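Hi everyone, thanks for coming. Please have a look at the structure while I talk you through a few places in it.

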Amino acid sequence: DFDRDRLNDREKFVMLQFYANIYQIQERYDEAIEAYNQMLVLPNMTQEQMEQTLFYLGSLHYVQEQFREAIDMFGQYNDIAVEANEDVFFRIGTAHYQLEEYVEAIPYILRNMEIIRSKNEDISKNTYDLLRALYFNVEDYESAYQVLRESVVLFNEQNDWVLIPA
């Protein structure tokens, strides 16, 4: 370990970040989470440092399938983020999906798609499939059908065509 009393806040942040990265590489995720949690309580963190720390905490919890914690960290990230991050919205949506909280998931997946469209980028087939599954699970068949139709037009995959009623 390092002598934390002899380092300023910026140096402590850098050292904790270094340890967190090493732990992540070694797949020692609990220790990486602990390092990031220590970073969160450092005074005088910059906006960028705070965003980065919350993003990595959310990602680590997500990887470990600790979806409730991931949602919390990503929510905190969204509360302070200067720019909306489509990946964060997607992960919150999929975390809710994993927790079978389908109604809660839908707005996050829609927001993810909105951000991607605003950047003139293509939305993945998986995202359309997830949104369709969410609508289906909440028995909003009209919306599920609309997503299916969009998916057929965009991706023209046989698996989608067979789902369209004759």
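Let's start with Ser 151, which is buried, at a relative accessible area of 0%. By buried I mean under 20% relative accessible area, while exposed means over 50% and partly exposed is in between, using a 1.4 Å probe and protein chains only. Ser 151 sits in helix H8, residues 141-155. Helices here are DSSP runs of H or I with at least four residues, strands are runs of E with at least two, and both are numbered from the N terminus. Which residues does Ser 151 touch, if we skip those up to four places away in sequence? They are Lys 125, Tyr 128, Asp 129, Asn 156 and Asp 160. Touching, or contact, means heavy atoms within 4.5 Å.

Before I go on, a word about what you are seeing. This is a predicted model, in which local features need pLDDT of at least 70 and side-chain atom pairs count only at pLDDT 80 or more, while totals for chains, interfaces and linings use all residues. Residues are numbered from 1 along each chain as its sequence is written, and side-chain values use heavy atoms, with hydrogens and water left out.

Asn 159 is 47 residues from Asn 112 in sequence, and their C-alpha atoms are 24 Å apart in space.

Next comes helix H7, residues 125-137. The expected span is 1.5 Å times one less than the number of residues. Among the buried residues of H7 are Lys 125, Tyr 128, Leu 131 and Tyr 135. What covers the buried residues of H7 includes H5, helix H6 (102-118), H8 and H9.

Glu 139, in the loop between H7 and H8, has a positive phi of about 60 degrees although it is not a glycine. Glu 139 is exposed, at a relative accessible area of 57%. Glu 100 also has a positive phi of about 60 degrees without being a glycine. You'll find Glu 100 in the loop between H5 and H6, and it counts as exposed at 58% relative accessibility.

Let's finish with the cores. A nonpolar core is a set of buried Ala, Val, Leu, Ile, Met, Phe, Trp, Tyr and Cys residues joined through side-chain atoms within 4.5 Å. Which members of the largest core, with its 24 residues, touch the most other members? Tyr 36, Phe 74 and Val 88 do. The elements giving two or more residues to this core are helix H1 (9-25), helix H2 (29-40), H3, helix H4 (67-80) and H5. H4 gives the largest share, 6 residues. Leaving aside neighbours within four places in sequence, Val 88 is in contact with Phe 55, Phe 74, Tyr 77 and Asn 78. There is also a second, separate core of 14 residues, including Ala 105, Ile 116, Leu 131 and Val 147.
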